[in-house]
Amino acid sequence: MVFGSALMTTAALIVSIPQSATATTTRVLQGSATCTDGWYPSSLQIAAPVNSGYTAAQNQVAVPATHAIQFTNTISSTATSARLDARCGGFFGENAYFSYVPANLTPGTTTVNVTWQCSRFPVYPGPYVHKCDAASVTYS
């Protein structure tokens with residue numbers, strides 16, 4: 001019966017491992033976006049990593065002094081890039097193409113802070129390209 005009691009002790013140890021030992025799978029992305037034309041950016045969509053699906057920018061706050069929009073999203077801690085699509089120029093319903101320079105991220109659990117500079121420009125034969133470039137990435 002020694003074997004049976006040893007088996008029960010092992011089973012009890014396996015069951016009692018705390019769930020908090022699992023790794024963190026998300027992190028916070030704090031973003032800020034401005035448009036070169038002085039308008040507030042609109043229709044902000046974030047993708048992290050860039051080839052994943054889009055999520056609307058969350059908790060958006062307008063900053064009147066700079067016409068920036070600040071937002072906070074939760075992203076995967078393994079994401080190595082982030083992309084922002086936004087509209088500039090106050091044109092909310094026009095057909096448009098989107099372009100970007102992604103934010104290159106270091107995977108981890110610390111908060112990542114990204115500043116995007118967005119612009120809108122015509123292309124022949126039209127319509128317009130809305131482009132957001134990652135200008136800076138910091139961690140806190």
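**Entry 1: the sheet.** I began with strand order and found 6 strands in an open sheet, running S4-S5-S1-S9-S10-S7 with mixed pairing. I then looked up its edges, which are strand S4 (61–63) and S7, each pairing on one side only. From one strand to the next, the twist averages 30 degrees. A reminder to myself that this is a predicted model.

**Entry 2: S9 and S10.** Next I checked how S9 meets strand S10 (residues 128–139): the two run antiparallel and are joined by 11 bridges. Along this pair, I noted Val 112 standing opposite Tyr 139 in S10.

**Entry 3: the core.** I asked myself which residues touch the most other members of the largest nonpolar core. The core holds 22 residues, and the answer is Leu 29, Leu 84, Trp 116 and Cys 118. At least two core residues come from each of strand S1 (26–35), strand S2 (42–47), strand S5 (68–76), strand S6 (81–87) and strand S9 (112–122). S9 gives the largest share, 4 residues.

Setting aside residues up to four places away in sequence, I listed its contacts, among them Phe 71, Tyr 100, Trp 116, Cys 118 and Cys 132.

**Entry 4: Pro 102.** My last stop was Pro 102, in the loop between strand S7 (96–101) and strand S8 (103–104). Is Pro 102 buried or partly exposed? Its relative accessibility is 27%, so I put it down as partly exposed. Leaving out residues up to four places away in sequence, Pro 102 touches Val 50, Ala 82 and Ala 134. I also noted that its C-alpha atom is separated by 6.5 Å from that of Asp 133, 31 residues apart along the chain.

How values were computed
Residues numbered from 1 in each chain as written. Predicted model: local features only at pLDDT ≥ 70, side-chain atom pairs only at ≥ 80, totals over all residues. Heavy atoms only, no water. Buried < 20%, exposed > 50% of the residue type's maximum accessible area, 1.4 Å probe, protein only. Contact = heavy atoms within 4.5 Å. Core = buried A, V, L, I, M, F, W, Y, C linked by side-chain atoms within 4.5 Å. Pairing = 2+ DSSP bridges. Axes fitted to C-alpha atoms, helices over the stretch in contact; angles between N-to-C directions.
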